[in-house]
Amino acid sequence: AFEIQAGSSDIAAVTGTIVGQLQAYTAKRESGFAFKLTDGPVQVGIAEAEAERLVRRLLAVIAGESAPSERLALSCAVEDDQAVLHVELPSALAARDDEAIFRTSASARSKTRTLSAGMFGTGFSLRLARAEAKAAGGSLKRDGNHLWLMLPALTAHSAAIEQV
């Protein structure tokens, strides 16, 4: 059971920062993310350090699985009181079925990359991100060739209640 530290963070700004940090890896391969911010700041009710850890884990796994010259769509918006981070899966992950994408495995290819999901593999890292999202009141789900990270958005009303 995870405990996520409550707070307030702009998940869109966090995502932009992490995409920038990952460019040191992705630029050399002409891969990475085509990040689109649709709503400006997207506030969520978790501490910034927690938001950074979750988004970094998710995007590093995706970037590590991307092929050279593979640019992946990434967007952040508020939809129905949910902060939604939508990311296109790289072809290596899109080819796997729903169960396989979250299964613990380290492919032979992952051992040769400079950016990897760690010793437990892509599936473990994605399951960990999914557990963190759930602990924060959200979810991480696959739909076709996309992953959707959804976290409760802080609205002006919920932020005022939190401050009381």
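Helix 2 (residues 48-65) has 18 residues and spans 26 Å from first C-alpha to last, close to the 26 Å expected at 1.5 Å a residue (1.5 Å times one less than the number of residues). Helices are DSSP runs of H or I with at least four residues and strands are runs of E with at least two, numbered from the N terminus. This is a predicted model, where local features need pLDDT of at least 70 and side-chain atom pairs count only at pLDDT 80 or more. Residues are numbered from 1 along each chain, and side-chain values use heavy atoms, without hydrogens and water.

**Exercise 1.** Find how many salt bridges the whole structure holds, then work through the one between E50 and R53.

*Solution.* Start with the cut-off: a side-chain nitrogen of Lys or Arg within 4 Å of a carboxyl oxygen of Asp or Glu. The search finds three salt bridges. E50 and R53 pair at 3.2 Å, N to O. Both sit in helix 2, three residues apart, so about one helical turn separates them. Now check burial (buried is under 20% relative accessible area, exposed over 50%, partly exposed in between; 1.4 Å probe, protein chains only). E50 is buried at 14%, while R53 is partly exposed at 39%.

**Exercise 2.** Work out which parts the salt bridge between E132 and R57 ties together.

*Solution.* First, the distance: the side chains of E132 and R57 meet at 2.9 Å, N to O. Finally, E132 is buried at 7% relative accessibility, and R57 is partly exposed at 22%.
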